[in-house]
Amino acid sequence: MKQDYIYCIYCDTMKTDTIARLIEEVLQVRCISPKIVQRYWKKGECTHRVHDYLPGYLFMYAEEPVPSVRDVLRFPGVHRVLGEQEDGHVLSGADLAFARMLSDMDGTLGIMKALQEGDKVHLADGLYHGFSGEILKLDRRKGRAQIRFTFDGSIQNVWVGYDLIKPDEAQPEKAQEEAKEA
């Protein structure tokens with residue numbers, strides 16, 4: 001599904017699921033409430049747990065502009081629509097990059113892919129549609145990284161699982177083109 005128009009709203013955290021269903025029904029758009037997968041270690045065993053991430057935020061993905069996007073403010077529990085009014089509240093910049101990455105991951109920030117170059121480790125940019133997060137800390141033993149990025153005008157710090165990949169795995173389009181030429 002082509003998703004050229006991406007919006008985000010902020011609502012009551014306890015009503016997020018209800019509001020998401022209502023938006024999908026009324027506006028006929030895809031709606032995502034972000035989740036995150038985190039690694040936990042118990043008795044030496046690694047397990048993955050899924051948690052709500054950015055509680056209260058809902059991302060809306062549409063093929064066509066939603067002229068009445070501000071009408072969602074009438075829904076009980078919706079507080080605000082992100083984005084600039086003069087741009088029709090369509091997300092842009094870092095918020096748009098984050099929303100696209102979230103869509104590609106089916107709404108769940110999973111185990112992130114990272115590259116090691118020399119003694120530095122960074123996110124594999126080619127995989128995340130322009131989303132850029134800075135790795136602040138690494139816990140190599142537990143396979144977790146603390147990432148800092150900006151969303152909705154504020155700095156977010158989050159611990160995510162990471163896997164190191166080879167440089168050629170970070171550029172999927174380039175690898176596909178090279179495979180076609182061979």
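Trainee: Why does aspartate 12 count as partly exposed?

Mentor: Keep in mind that this is a predicted model. Aspartate 12 has 25% relative accessibility. Buried means under 20% and exposed means over 50%, so aspartate 12 at 25% is called partly exposed.

Trainee: And what makes the link between lysine 15 and aspartate 12 a salt bridge?

Mentor: Their closest N and O atoms are 3.9 Å apart. The cut-off is within 4 Å, so the pair qualifies. Lysine 15 is itself partly exposed, with a relative accessible area of 37%. By the salt-bridge rule, the count comes to seven. Another one joins the side chains of arginine 144 and aspartate 139, also with an N to O value of 3.9 Å.

Trainee: What about arginine 30, which partner does it have in a salt bridge?

Mentor: That's aspartate 106, with the closest N and O atoms 3.7 Å apart.

Trainee: Why are strand 4 and strand 7 said to stand at the edges of their sheet?

Mentor: Three strands form an open sheet in the order 4-3-7, with mixed pairing. Strand 4 (45–52) and strand 7 each have a single partner strand, so one side of each is left without a neighbour in the sheet.

Trainee: How do you know that strand 3 and strand 4 pair?

Mentor: Pairing takes at least two bridges. Strand 3 (residues 35–42) and strand 4 have eight, in the antiparallel sense. Arginine 39 stands opposite histidine 48 in strand 4.

Trainee: Which residues touch the most other members of the largest nonpolar core?

Mentor: Of its 27 residues, those are Tyr53, Phe59, Leu91, Phe98, Leu109 and Phe151. Helix 2 gives the most to this core, with five residues. Leaving aside neighbours within four places in sequence, phenylalanine 59 is in contact with residues including Leu91, Phe98 and Phe151. There's also a second, separate core of 18 residues, with Tyr7, Ile9, Ile23 and Leu58 among them.

Technical notes. Residues are numbered from 1 along each chain as its sequence is written. This is a predicted model: local features need pLDDT of at least 70, side-chain atom pairs count only at pLDDT 80 or more; totals for chains, interfaces and linings use all residues. Side-chain values use heavy atoms; hydrogens and water are left out. Buried means under 20% relative accessible area, exposed over 50%, partly exposed in between (1.4 Å probe, protein chains only). Helices (H or I, at least four residues) and strands (E, at least two) are DSSP runs, numbered from the N terminus. A nonpolar core is a set of buried Ala, Val, Leu, Ile, Met, Phe, Trp, Tyr and Cys residues joined through side-chain atoms within 4.5 Å. Contact means heavy atoms within 4.5 Å.
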